[in-house]
Amino acid sequence: MSLDRTGQALGVQRQVEECRERCRSLGWPEPKIYSDNDISARSGKRRPSFERLLLDVQSGYVDGILAWHLDRVLRRVVDLERVLDAIESQRSAIPVVFLQAGEIDLTTPSGRLLARILAAVAANEGDVKSARLSAQRAQAAQSGQAHGPLGYGYDDLRRIIPEEAEVIREVAQRVIEGGTLYSIASDLNDRRVPTPGSGRWDARRVGRAVEHNQRPEVTAVIDATRGDAAIAPAVLARILRNAGGSSSTCTAAWVRDQMWAEHVMSDDHGLDDSTIAKLLAAAGIPPDRSYWRAANVRAMVRRGSLCGWREFSPGQRGGYGALTSQGDWTPILSKETIEDIRRVTDRPRSRRGREPKYLLAAILKCGRCGSSLAGSPTAGGGFRYACSKQPGRPETCGGLTITGPQTDEIVSMAIIDAVAEAKVRTGALKRSNGSSSAVVSAEKELVELGRLRRHYGLEFAADRLHQEEWDALREGWAIRQRAAERVLGQWAPNLQAVLSDVPKKRPDIEKWWQEATVRRKRELLQVLVERIEIAPRTRSSNRFDPSRIGEPIWRA
């Protein structure tokens, strides 16, 4: 199901039962269920069960595929081609049955043609629906109708929450009077003012708890529901009780009721992060504290909804849309105040960005917490690299610094040594022969990510995506982009392009390095080096200790 507003997966349950009935009528054995509830096939989001299905087909574990309708499996023609490739990799034919379209023999040219036609029709239906919804949202914006919750400061009935409204008015006044977003965020955190969405589990918080290993109980829930065997509700109930849930609430029967669909717990299907978040929230298990950051202070206080106006501007993020028409809810701030805040917080951006000042910023990593080090000037006219403690980032220790000029000099010599070695260039040539397919895939991935950002940017601007959904999408895209960029960063032609104007003899390389801009040096550094770890001080002396600089981790 592309959209499940209730979270009960009732549509999926209904479809699964109809599919099971068809399996019985065909004389097939009890089927294994692959289900991705509340994830649109058109969105570009990764569908874990769809990917598992393809792997199982390729591994020879699947004897036949049955779905309620073809568009329940895919909405994009590219997904169909992946299914066809998986099926064609098998020696024996795999029957494919759709309840709403009959059996399609994908092993024959006519069957594949029919499937492609149906996939194209499904894609067109999605495009038409999207265009229709866009027009409806634009019309609603022009009439001043709110789409979904108004956000921080308002409850679900669009009534003002007094405590949050006071925070909004205070932040607005401080921004207009010249207070920095950083100082405002720090002050709110020191006063333990709850953030937007504070106290609620969502997919991002589940993922963050697992990534930083901060909540063992969350990891236990995930391990229990993503094992190779079916999870017994009694086991999951015990885990939730131990995690702090109510003993009277977390019973096996209650867990069954909370699964929203029986098949979610079948076989080795597991739960996605959103479902786990709902389960933790229903059990009464509190999430970790969330923090204010400069970015979410800025986004919160720029919103047009705070002055009672509907903002709408496709392609823009929330807080950047034009104030289109006056809404029917009570404002917290005046329109003039919002306009003043937007003028103060608008930042002109160049396409290329400003010239970098510090050679090793973000390349150096803290030996205590693993965070990136940033460059900053010192009182004597020099500079240093430091792990900075930032509001909203409790994982950064903020307790490590190292002198900048000497560190730059030592790392520069290591880079010059590496570039002077012939194996850097010859090794790159060897890598280029075997990685062309990976490079092509990475380039296609970046193009696809650009398309997704444009498409869902319009959806978000039109209020067809909630903030949580938009943030989750952006986080997923960032992970995919980093992976693709890492592949391209290791690609030999990319390295050769960076080395194109670099001399081959060491004296000439040293001269080139001295004359190159910081941006040019960083381009070479980022292609060659993945990270350099800086160890903490072992003694109280303020003298520079070169042994703290770890060996560069070279890109493969």
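Buried residues have under 20% relative accessible area, exposed residues over 50%, and partly exposed residues lie in between (1.4 Å probe, protein chains only). The views below come from a predicted model, in which local features need pLDDT of at least 70, side-chain atom pairs count only at pLDDT 80 or more, and totals for chains, interfaces and linings use all residues. Residues are numbered from 1 along each chain as its sequence is written, and side-chain values use heavy atoms, with hydrogens and water left out.

**View 1. Arg158 and Arg192 each have a positive phi**. Arg158 is not a glycine, yet its phi is about 65°. Its relative accessibility of 32% makes Arg158 partly exposed. Arg158 is found in the loop between helix H5 (109-142) and helix H6 (162-176); helices (H or I, at least four residues) and strands (E, at least two) are DSSP runs, numbered from the N terminus. Arg192, also a residue other than glycine, has a phi near 60°. The loop between helix H7 (181-190) and helix H8 (203-211) holds Arg192. Arg192 is exposed, with a relative accessible area of 59%.

**View 2. Helix H4 covers residues 77-88**. From first C-alpha to last, the 12 residues of H4 reach 16 Å, close to the 16 Å expected at 1.5 Å a residue; the expected span is 1.5 Å times one less than the number of residues. Asp79, Leu80, Val83, Leu84, Ala86 and Ile87 are the buried residues of H4. They lie on the same side of H4 because they cover an arc of only 160° around the axis, the arc being that of the directions from the helix axis to the C-beta atoms.

**View 3. The largest cavity has a nonpolar lining**. The whole structure contains 3 cavities of 30 Å³ or more. On a 1 Å grid over the protein atoms alone, a cavity is a set of points where a 1.4 Å probe fits but cannot get out, and lining residues have an atom within 4 Å of a point. Grid points are joined across faces, edges and corners, and a volume is the space filled by probe spheres set on the points. The largest cavity holds about 90 Å³ of space. Its lining consists of Leu53, Ile65, Leu70, Val73, Leu74, Leu80, Val83, Val96, Phe98 and Leu106. Helix H3 (70-73), H4 and strand S2 (96-98) each give two or more residues to this lining. By class, the lining has 10 nonpolar, no polar and no charged residues; Ala, Val, Leu, Ile, Met, Phe, Trp, Tyr, Cys and Pro count as nonpolar, Asp, Glu, Lys and Arg as charged, and the others, Gly among them, as polar.

**View 4. The second largest cavity has 5 charged residues in its lining**. The volume of this cavity is about 60 Å³. Arg537, Thr538, Arg539, Ser541, Arg543, Phe544, Asp545 and Arg548 line the second largest cavity. The rest of the division by class is 1 nonpolar and 2 polar.

**View 5. Strands S6, S10 and S11 form an open sheet with mixed pairing**. The order is S6-S10-S11, and two strands pair if DSSP finds at least two bridges between them. Strand S6 (364-366) and strand S11 (553-554) are the edge strands, each pairing on one side only. S6 runs parallel to strand S10 (residues 529-534), joined by 3 bridges, and Cys366 stands opposite Ile534 in S10. S10 and S11 run antiparallel with 2 bridges; here Val529 stands opposite Trp554 in S11.

Definitions and conventions: On a 1 Å grid over the protein atoms alone, a cavity is a set of points where a 1.4 Å probe fits but cannot get out, and a pocket is an open set with protein on both sides within 12 Å along at least five of seven lines; lining residues have an atom within 4 Å of a point.
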